[in-house]
Amino acid sequence: MDLSFSPAEESFRAELRAWLAANLPASWASGEPPEFASLADEVAFLRDWQRRLAEGRWVGIHWPREYGGRGASVVESYVFQEEMAATRAPEIINRIGVNLVGPTLIAHGTDDQRRRFLPRILPAEELWCQLFSEPGAGSDLTALRTRAEPRSDGWVVNGQKVWTSYAQFARWGILLARTDPAAPKAKGISYLICDMQAPGVTVRPLRQMTGSEEFNEVFLEDVFIPREHLVGREHDGWSIANTTLAHERGTSPRQLVIHRMLLNDLLRLAREERDGAVPAGADPVLRQRIAQHVIDVEITRLNNWRTLTRLQKRLPLGPESSFIKLFWSEMSQRMHDTLMALLGARGLCWQPGPHAVAGGRLARSYLYYRAASLFAGTSEIQRNILAERVLGLPRSR
Ligand SMILES: Cc1cc2nc3c(=O)[nH]c(=O)nc-3n(C[C@H](O)[C@H](O)[C@H](O)COP(=O)(O)OP(=O)(O)OC[C@H]3O[C@@H](n4cnc5c(N)ncnc54)[C@H](O)[C@@H]3O)c2cc1C
C-alpha cells in the first residue's frame, strides 16, 4: 500500500482548494447550507453550482481531455472527492450523467452519441437518470421485464421502473429493456437512451422518510425509442450495463470524510453538558462504542487506500471492492445509532425548529443513511459476492 501523495497530486489538491475558497458559497463552507423551499429550488441551485464547477473544469475530471475532462488519474479523482467533501461543497447534481453515462458512452457509444450528449452533461445543461431497477428486479437486474419491441426505425417500450433518482428533473435516462424475450435472462437485454419528455413517459415521485422526493416510479407506455439511441449492440445491454455498474463501486472518499465529520459530531455531543447533567461521554459503554467508531473510520480509510493503490497499479478491483461498500455502509448505520442515543428525544426533530440539533441535519442524516445498505447493491448481495467469489463457498442459488 502506498501511503503518500506525490508533489503533483498535492499541487492538484492546492489548486482545487484555492478554487473552492474563491467560489464555494460561505453558508456551505460553514456547514450551515441554506434551507430550500422545495426540491425544485435545490435542484436549480445545484445545476448552477455544477455549471460554475464546469466552467473551472472541475466536473468529470476523470473524463479524457477531448471530451472536456482533465484525464485525471485515480488518485487525483480520489483527492478531488476528498477535498469537495472536506470543504462541505455540495455534490454535483448530474452524478448519473458524469459518473455513469459519460464513461459508458465514451467506452461503447457512437461518435454521434458522444457528440450529441457528452458536452451537455458536464455543465448540467441536461440531467440524466438511471432506469435500471424495477418492482421485480433490483438485486437481480437480469430479471427485468420492461419490453422493447422492435420496429423498422427503433423500439416501442412498455414497462415500469422504480427508485429512479431525480427522474422528475432528468432530460434523458439510461434504460435497460428486454429486446429478446426468448433468449436466456442476461442475453436478451438492450441498453437504450430514453427521452424523458417522450409521449408515454410518466414520472411519479416517491416520498422518502427524510420528507424528500428524490426518487420516483417511472411508467413507460408505448414509448418510442429511435434506433440511434441504442448504445452498443442490440441484445448486448447486460455487458454494457456492467461498465456502468462498475463505476458505482470502488473507493468512497466522500463517505470517508462525511463519517469523519460525523465522528466529530458524536464527540461534541458526548462531551456536551446540558442542564447541569453529567455529559453522556462519562458512560464507559458509550465511550467504548465511540472508540470502536474511531477504529472503524480508520479501517475505512486504510481500505480506501488499499483499493486506490490497486487502481493506480491498474490491477483489477475484483470482488474485494464489495468489502468496502459493505463495511462503510454498516459502519455508518452503527455510528448513526450512537448518534440517536446521544440526541435522545431531540433525535425526533428532523426539521428546523427550536428543539432540533443542527437544524435537524443530524437526525435527517440518520434517516438518509438507512438507504446505504440498499443502494449500489444491498448488504446481503455484497455478502454473497464475498462468500462465493472471495471465500469460495458454495453458490447461494
Ligand atoms: C437512495 C436510493 C437511490 C436509488 N436510485 C436508483 C436509481 O437512480 N436507479 C435505479 O435503477 N435504481 C436505484 N435504486 C435501487 C437500488 O439499486 C435497489 O434498491 C437495490 O439494487 C436493491 O433492489 P430492491 O430494492 O429491488 O430489493 P430486492 O432485490 O427486492 O431485495 C429485497 C431484499 O432481499 C434481499 N435479497 C435479494 N436477493 C438476495 C439473494 N440472492 N440473497 C440474499 N438476499 C437477497 C436483499 O438484500 C434485500 O434485503 C436506488 C435505491 C436507493 C435506496
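How do the residues of the shell around the ligand divide into nonpolar, polar and charged? The shell holds seven nonpolar, eight polar and two charged residues. The model shown here is predicted.

**View 1. The shell around the ligand.** The ligand is surrounded by 17 residues. Ser133, Ser139, Trp163, Thr378 and Glu380 are the closest. By class, seven residues of the shell are nonpolar, eight are polar and two are charged.

View 2. On its own, the ligand would expose 990 Å². The protein buries 68% of that area. Strand E3 (154-165) and helix H12 (379-390) are the elements that each give two or more residues to the shell.

**View 3. Thr210, in a loop between two strands.** Find strand E6 (201-205) and strand E7 (215-226); Thr210 is in the loop between them. Is Thr210 buried or exposed? Its relative accessible area is 17%, so Thr210 counts as buried, the cut-off being under 20%. The Thr210 side chain comes to 3.4 Å from the backbone nitrogen of Ser212. Beyond its neighbours within four places in sequence, Thr210 is in contact with Trp350, Arg364, Leu367 and Tyr368.

**View 4. Arg114, in helix H6.** Helix H6 spans residues 111-121 and includes Arg114. Arg114 has a relative accessibility of 14% and is therefore buried, as this value is under 20%. Which residues does Arg114 contact, leaving aside its neighbours within four places in sequence? They are Tyr67, Leu105, Ile106, Gly109 and Pro119. With Tyr67 there is also a polar contact: the two side chains are joined at 3.4 Å.

**View 5. Arg114 and Gly102, by their C-alpha atoms.** Twelve residues along the chain lie between the positions of Arg114 and Gly102 as counted from one to the other. Their C-alpha atoms are separated by 8.4 Å. Arg114 belongs to helix H6.

Terms used: Residues are numbered from 1 along each chain as its sequence is written. This is a predicted model: local features need pLDDT of at least 70, side-chain atom pairs count only at pLDDT 80 or more; totals for chains, interfaces and linings use all residues. Side-chain values use heavy atoms; hydrogens and water are left out. Helices (H or I, at least four residues) and strands (E, at least two) are DSSP runs, numbered from the N terminus. Buried means under 20% relative accessible area, exposed over 50%, partly exposed in between (1.4 Å probe, protein chains only). A polar contact is a pair of N or O atoms within 3.5 Å; within protein, one must be able to donate a hydrogen and the other to accept it, and residues adjacent in sequence count only if both atoms are side-chain atoms. Contact means heavy atoms within 4.5 Å. A residue is near a molecule or strand if one of its heavy atoms lies within 4 Å of it. Accessible areas come from the Shrake-Rupley method with a 1.4 Å probe; for residues, only the protein chains shown count as cover. Ala, Val, Leu, Ile, Met, Phe, Trp, Tyr, Cys and Pro count as nonpolar, Asp, Glu, Lys and Arg as charged, and the others, Gly among them, as polar.
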